[in-house]
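Thanks for coming. I have one structure to go through today, so please look at the sequence and the model while I talk.

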Amino acid sequence: MSQTTDGKVRPRHAGRQDWSTWPQYNAAASGFAGYWYPVTWSSHVTGKPSAFTICGEKLALIRDNGTVYALHDRCPHRGVPLSLGEQQFPGTLSCPYHGWTYNLPDGRLCAVITDGPGSPICGKVSVRTYPVEERLGLVWVYIAIGDEEPHPIDEQLPAELVSNPFVLGGRIQPRTGNWRFACENGFDEGHAKYLHRTALWRLFKPMPAWNITSIVAKGRWIYRVQDEVHWDADFPGVGRWSNKRWWKANPPDTTFNIGNTGAAKKVDPTIEAQQFPGFASLSMPGVLRIAYPKFIHYEFYVPVDADNHRYVGMMVNFTKGWHTARFYAKYLGVIRWLFHGQFSGQDAWMVDVTDAPPEKLYRPDISLTAWRNLAEQETTERRASADAKDSHS
Ligand code: FES
Ligand SMILES: [Fe+2]
């Protein structure tokens, strides 16, 4: 990878075969600790505990008196999942087996129903608890590096979602395949024009045949910037290829960087104000943002374990008042099925069957190598600052 004077990163090596260039990324099959992860919709967490695995950690989530708590989903007594238990006293959760009862805020064993009020083990055992926040209608859990304190969640959310009114529609799906394949697929420059050419979501909109792309870093994000967009191509000795069809709109004459099918006449003012250098951007720990003229689509690739992830897809419209009704109608009627359904299903299919490394990368894979570099760099910086804090305490 080489940084040129115009600030753009262009690939230098092609045909790289393994991930040894990115040792921390290579080791992060179950995700990176040190981040907030969205787990499920807030409305799905109730007084009846539910089980989730995030970054290889088993969690029991429960809502008590309005607040969501996350406990390690394993009773220290005999290893039974606490998510199978139920609440016997306010502010606590009891294991289903012998009634060991844990205090929700700190995980301390506060009563043992089957050993009487004087149980000597009481107060001597705890289960691990995880920091929890609720944002964007989702429950987020912090997976810590060691016993570090979490950073404020708003520092990690896309900034435009912290300070603007909006409405959102979304879909959460457990999916097979490693989270890194999902993340790489999301930001992958090469695939959409080809893989998604049959998606109904794109039925009336042309897609390019190929692009020349560079990657630009800005804040915590990297952006795909389209330098050239080609709608047809003559492949020497093979033939002509195009995504254009008579029933699709004509492609624009100019290169564009908001939306992926053409330049927009009017861009939503909140989206415009972000001054995104490109329509597709990615940040740690695996958050994709696709800026369309009127809405932004986000994907969070939440690591479950080495072979599974949770797909959290979200469509956001920066609107308020009666416009919100129009967005929900459009989302429930069209977007949810065509985009979060079929289109995104094509991605899920590829993520499930990807098998790398080994790999041989090609020009458009600058999107993948730039992302791996970002992950490597941010992880190295965070580890260094955590070590520095440790040595001062
Ligand atoms: S295993 Fe949980 S109380 Fe015995
Ligand atoms: Fe895709």
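First, the terms for secondary structure: helices (H or I, at least four residues) and strands (E, at least two) are DSSP runs, numbered from the N terminus. This is a predicted model, in which local features need pLDDT of at least 70, side-chain atom pairs count only at pLDDT 80 or more, and totals for chains, interfaces and linings use all residues. Residues are numbered from 1 along each chain as its sequence is written, while chains are lettered from A and ligands numbered from 1 in the order in which they are written.

By that assignment the chain has seven helices and 21 strands. A residue is called buried if 20 or more other C-beta atoms lie within 10 Å of its own, exposed if 12 or fewer, and partly exposed in between, with C-beta atoms placed from the backbone. Of the 393 residues in the chain, 38% are buried. Two residues are in contact if their C-beta atoms, again placed from the backbone, lie within 7 Å. Taking contacts between residues at least 6 apart in sequence, 58% join residues at least 24 apart.

Now to helix α3, which covers residues 179-187 and has nine of its nine residues buried. W179 and F187 are among them.

Which residues does A306 touch, leaving aside those up to four places away in sequence? They are A29, S30 and N178. A306 sits in the loop between β20 (296-305) and β21 (308-317). Its C-alpha atom is 7.7 Å from that of W179, although the two residues are 127 apart along the chain. A306 counts as partly exposed because 14 other C-beta atoms lie within 10 Å.

Next, the backbone. Most residues other than glycine have a negative phi, and most peptide bonds are trans. C55 has a positive phi, near 50 degrees, and is placed in the loop between β4 (50-54) and β5 (57-64). With 21 other C-beta atoms within 10 Å, C55 is buried. L136 also has a positive phi, near 55 degrees, and lies in the loop between β11 (132-135) and β12 (138-143). L136 is buried too, since 20 other C-beta atoms are within 10 Å.

Last, the cis peptide bonds. One joins M284 and P285, with omega about 0 degrees; P285 is in the loop between β18 (280-283) and β19 (287-291). Another runs from A356 to P357, with omega near -10 degrees. P357 belongs to the loop between α6 (323-353) and α7 (366-392).
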